[in-house]
Amino acid sequence: MTETTTPAPILAPPERLAPESRLVITLLLVSAFVVILNETIMGVALPRIMADLGIEPSAGQWLTTAFMLTMAVVIPVTGYLLQRLATRPVFAAAMILFSLGTLLCALAPGFAALVVGRVVQASGTAIMMPLLMTTVMTLVPPALRGRTMGNISIVMSVAPALGPTISGLILSVLPWRAMFWLVLPIALAALALGLARVRNVSTPRPGTIDVASVALSALAFGGLVYGLSAFGTGGAGAAAWVPLAGGAAALVAFVLRQLALQRRDAALLDLRTFAAPQFAVSVGLMALLTMALFGTIILLPIYTQNVLGLEPLTTGLLLLPGGLLMGLLGPVVGRAYDRRGPTVLVVPGALVVSAVLWSLTRLGTDTPVAAVLAAHLGLCLGLALLFTPLFTTALGSVRPALYSHGSAILGTAQQLAGAAGIALFVVVMSTRAAALAGTTASDAAALAGGVRAAFLCGAVLSLLVVVAACFVRRPEPGAEPQG
């Protein structure tokens, strides 16, 4: 097998990061911050957009669903793209797509054009995170990967946390199109600077793309995310089960085809990454944590607004400190990983996440807002102790030729787990709330009971996280699996 190589000028001594490498990673971090921030600004704006365009909530939800579907379809292909194309053109494609999508959204005359713009945006977003992860693993020596992944966690934590708050502030004084007009010049500036300064850090490998794998990937991951999203938005019946069953069948066919193609190094998504036990354990943990995180992100605003009676902006401000805490702790956790390894971080982190989720099973109609804030801060603290070590351990346990595939698998797993978490929490909450509504309980009390039941499911899942965390170990240098 021909492995991806790195040009000599980019290489750095193991004790420090070369200035050229630092510049490339910084530019990618800034660009990733912009595209991830865009993911979360839409939620607060949906009611305004629906009123302005005269569409129903079921149609408006497609602005989010289409984005998630596109991410789920494109991310699996990035493993192939990052091996076959150089860094600079991949970066250019990601930011051009994102900028073009942002422009389409800003100019959209109607709902259909707005959905198209979101799809184009998502195509660029889907490429950016695997590109960032693969570039970091290629350029950064193993001894420094923890702190670098910690910086990435700032992007992944602070950008989503700031999105709803920034969106609320913009909408308080400007129309909804201003969200896209304000993001566009930042995206164009990042594109221009990246084209001028980003250098190729890997040698592309020749090869042809397997069209059947692309089709199966789109059917598998698109079907699964669509079906799970249908459950997550309160849907049921054939609208949810048919795409879910079709996606599962296509996933089986996709996996079988990749196992056959990877024997001649032609897989769209190389599954030999799972030959590394630490990669498999870390991906499983990331999936469980993402389910808990996305489910909580959906449930807490529903609880605070419909049970405690808080305003949407107040809810956004209530959840903001947790995201900022995760971002601030990222570099600290990264340095601790470099010094001590993952075990001393992931085990306490798993225990904290589990404890918080169990505490959320006691939410009621009279729970103090301060208690909700404390719980959210505790959850973000636990996740901060987990995400950076798991990302670093997962990608550090595979051989360099498979870094791009490992990044794509992590991104795909997060998309599927996020959709599954939302579906699980919402279905459990809705079912339990409906059952309680038939009793003497008030609407608020019934909804609180549904929220408690949903968090109980999350708390039970967290026990698996605690057990799995005990098996996470630092990858040994030079011990990457070869088959």
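How many salt bridges does the rule find across the interface of domain 1 and domain 2? The rule finds zero there, a salt bridge being a side-chain nitrogen of Lys or Arg within 4 Å of a carboxyl oxygen of Asp or Glu. The model is a predicted one, in which local features need pLDDT of at least 70 and side-chain atom pairs count only at pLDDT 80 or more, while totals for chains, interfaces and linings use all residues. Residues are numbered from 1 along each chain as its sequence is written, and side-chain values use heavy atoms, with hydrogens and water left out.

The chain is divided into domain 1 (19-202), domain 2 (210-267) and domain 3 (276-476), with bounds taken from an automatic or database domain assignment. Between the C-alpha centres of domain 1 and domain 2 the distance is 24 Å. Ten residues of domain 1 are in contact with ten residues of domain 2, contact meaning heavy atoms within 4.5 Å. Together the two domains bury about 840 Å², and carbon and sulfur atoms give 74% of this area; buried area is the accessible area (1.4 Å probe) that two parts lose on being put together, summed over both. On the side of domain 1, Leu-69, Ala-72 and Val-73 supply 38% of the area buried against domain 2, more than any other three residues.

In the whole structure, the search finds three salt bridges. One of them joins the side chains of Asp-210 and Arg-257, at 2.7 Å from N to O. Asp-210 lies in the loop between helix H8 (178-197) and helix H9 (211-232), and Arg-257 in helix H10 (residues 238-261), so the pair ties together parts that are 47 residues apart in sequence. Helices here are DSSP runs (H or I, at least four residues), numbered from the N terminus.

The loop between H10 and H11 contains Asp-265. This residue has a positive phi of about 55° although it is not a glycine. Most residues other than glycine have a negative phi.

The structure also holds one cavity of 30 Å³ or more, a cavity being a set of points on a 1 Å grid over the protein atoms alone where a 1.4 Å probe fits but cannot get out. Helix H11 (277-306), helix H13 (343-359) and helix H16 (443-469) each supply at least two lining residues, which have an atom within 4 Å of a point. H16 gives the largest share, four residues. Among the lining residues are Leu-288, Val-353 and Ser-462.

Terms used
1 Å grid on protein atoms, 1.4 Å probe; cavity = no way out; pocket = protein on both sides within 12 Å on 5 of 7 lines; lining within 4 Å. Points joined across faces, edges and corners; volume = space filled by probe spheres on them.
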